Amino acid sequence: MGLRDMSNLQQRVIAAIIAVPFLLFCVLFSDYSFLGLFLLIGVAAQLEFYKLVGSISDNLPLTFYGTFCGVVLHLLTFFIEKGEIAYSNYYILSPLLALIFFIKLYKANDEKPFKNIAYTFLGIIYVALPFALLTVLAFLKNETYDPQIILGCLFLLWASDSGAYFAGTKFGKTKLFERVSPKKSWEGSIGGLIAAMIVAYVLSIYYTNYESWQWFGIGIIIVVAGTYGDLVESLFKRSINIKDSADTIPGHGGFLDRFDGLLLSIPFIITFLKLFPNAKL
């Protein structure tokens, strides 16, 4: 029996056994392996987004140039937050983004250029920017790479997803947002919250760079914003009549499916930690 013939749960477990150790190694090994990992994931997710958008008739986003802008944003953020180049280098993005308008002037086959300009920017804002902000989160303290906060967020995200999946499968009856995602339930969301709070408690014991209340706050943000992130992607996929953004990861769909909860969570997590920075150093 092939991998694709297995149940969704079996595929999820096998994918996790293969992917999770590699991901943990990249985050823990060094800041550059962290950069390489999430740069590749960000590129894959952004390409998936543009592919989905381009599957709709008349949609012609600037797939490769938009992804190139996302890569530049990610790299600039890494080296600026690491303290290796000046903050003023962010201004490089201004002409790069402005060129999107210029490029579209020469696309004679594009009947709706401003709609496609908007989709190009959306790929940068919705996908590339959150992955760049993940780098900001990694260097939030004194330009020093902190794998604990990255691993903590990933553990909380996985706990929330797993808790929601099992609780929803076992007890799910009350629809959470049926118009967008018929399978999601309040029972599943509560299961995800309970699982995330348990993990937040464990993190508060072993990952002491942040206070326990901060870990619980991050956990709540990931559950709430992550759920909305999943719903937003579901709304997007329903609008173009597809189930998964891709089939890259067995049991999970594509990179966009796997990290959709993180895309909307990271901006809130950074804001939360910036506004309430009372953490142990």
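1. A salt bridge here is a side-chain nitrogen of Lys or Arg within 4 Å of a carboxyl oxygen of Asp or Glu. By that criterion, Asp-31, Lys-82 and Glu-84 are linked in a network of salt bridges. The search of the whole structure finds 2 salt bridges.

2. The model is predicted: local features need pLDDT of at least 70, side-chain atom pairs count only at pLDDT 80 or more, and totals for chains, interfaces and linings use all residues. Residues are numbered from 1 along each chain as its sequence is written, and side-chain values use heavy atoms, with hydrogens and water left out.

3. Take Lys-82 and Asp-31. Their side chains form a salt bridge at 2.4 Å, N to O. The pair links distant parts of the chain, 51 residues apart: Asp-31 is in helix H2 (residues 31–54), Lys-82 in the loop between helix H3 (63–81) and helix H4 (93–105). Helices are DSSP runs (H or I, at least four residues), numbered from the N terminus. Both Lys-82 and Asp-31 are buried. Buried means under 20% relative accessible area, exposed over 50%, partly exposed in between (1.4 Å probe, protein chains only).

4. Lys-82 also bridges to Glu-84, with the closest N and O atoms 3.9 Å apart. Glu-84 counts as partly exposed because its relative accessibility is 43%.

5. Now the surface. Ile-190, Ile-194, Ile-198, Tyr-201, Val-202, Ile-205 and Tyr-206 make a nonpolar patch of about 740 Å². Patch residues have over 30% relative accessible area and no salt bridge, with nonpolar side chains (Val, Leu, Ile, Met, Phe, Trp, Tyr) joined within 5 Å. Areas come from the Shrake-Rupley method with a 1.4 Å probe. Ile-205 lies in helix H7 (residues 186–206). Ile-205 is partly exposed, at 44% relative accessible area.

Definitions and conventions: Helix = DSSP H or I, 4+ residues; strand = E, 2+ residues; numbered from the N terminus. Patch = residues over 30% accessible without salt bridge, like charges linked within 9 Å, V, L, I, M, F, W, Y side chains within 5 Å.
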